[in-house]
Amino acid sequence: MTGEIWAPVLSLAGVLLGGGLTAFAQRATQRSAERTERHRQVTAVAESRRAEQLAVLKEFVARAQQAEQVAYRRPDPWGDDENGWMTGAGPVMTALWTASGNVMLMCDQRLHEPVRAYGHALNQAVWREIGDIEVNDHLETHKAAFMAAAHSSLASG
């Protein structure tokens, strides 16, 4: 009679053990899938954020280039709105300041000072607050500092 009791008990224990192991394996698989999904979402958000940052940096560089071109085309001596230069310079500088604000908003804080300094140097060059210094000589250090900071920010992001 003891044999008759042990067989069902062992069978039941086997079923319970098998069921427990199956439940444990399913839970582990579910947790792994959840971790993978969270990691995928974090990666997607980071990639999207980096793309947005890259876009505002490209916009700032494009606007800075336009401002630099305006600085080189500035009439000398400067008087009234000679050949529409001043009429064209105003919107270019407004676009530069808007683009710099977007960089400040979207990008790492390490970029704030280089963007501000480069924008200020461009403003000085456009409105000829640089004396006898060549435009390129005046902008070179600020431009290089901005580009290095932008590169570092994108590489570490």
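Q: Which residues does S153 touch, not counting residues up to four places away in sequence?
A: Contact here means heavy atoms within 4.5 Å. S153 touches D108, R110 and L111 once residues up to four places away in sequence are left out. Bear in mind that this is a predicted model, where local features need pLDDT of at least 70, side-chain atom pairs count only at pLDDT 80 or more, and totals for chains, interfaces and linings use all residues. Residues are numbered from 1 along each chain as its sequence is written, and side-chain values use heavy atoms, with hydrogens and water left out.

Q: Where is S153 found, and is S153 buried or exposed?
A: Helices (H or I, at least four residues) and strands (E, at least two) are DSSP runs, numbered from the N terminus. S153 is found in helix α4, residues 135-156. Buried means under 20% relative accessible area, exposed over 50%, and partly exposed in between (1.4 Å probe, protein chains only). S153 counts as buried because its relative accessibility is 5%.

Q: How do I read a salt bridge, and how many are there?
A: Look for a side-chain nitrogen of Lys or Arg within 4 Å of a carboxyl oxygen of Asp or Glu. By this rule the count comes to 5 salt bridges. Take R40 and E37, whose side chains meet at 2.6 Å, N to O. Both lie in helix α1, 3 residues apart, about one turn of the helix. R40 is partly exposed at 46%, and E37 is partly exposed at 34%.

Q: Which salt bridge partner does R116 have?
A: R116 pairs with E113, at 2.7 Å, N to O.

Q: Which residues form the nonpolar patch on the surface?
A: Patches are made of residues with over 30% relative accessible area and no salt bridge: like charges are joined within 9 Å, nonpolar side chains (Val, Leu, Ile, Met, Phe, Trp, Tyr) within 5 Å. Accessible areas come from the Shrake-Rupley method with a 1.4 Å probe, and for residues only the protein chains shown count as cover. I5, W6, V9 and L10 form the nonpolar patch, with about 430 Å² of accessible area together. Among them, V9 lies in helix α1 and is partly exposed at 42%.

Q: Which residues gather in the patch of positive charge?
A: Lys and Arg count as positive and Asp and Glu as negative, while His and the chain ends are not counted. R27, R31, R35 and R38 gather in this surface patch. R38 lies in helix α1, residues 2-73.

Definitions and conventions
The place of a charge is taken as NZ of Lys, CZ of Arg, CG of Asp or CD of Glu.
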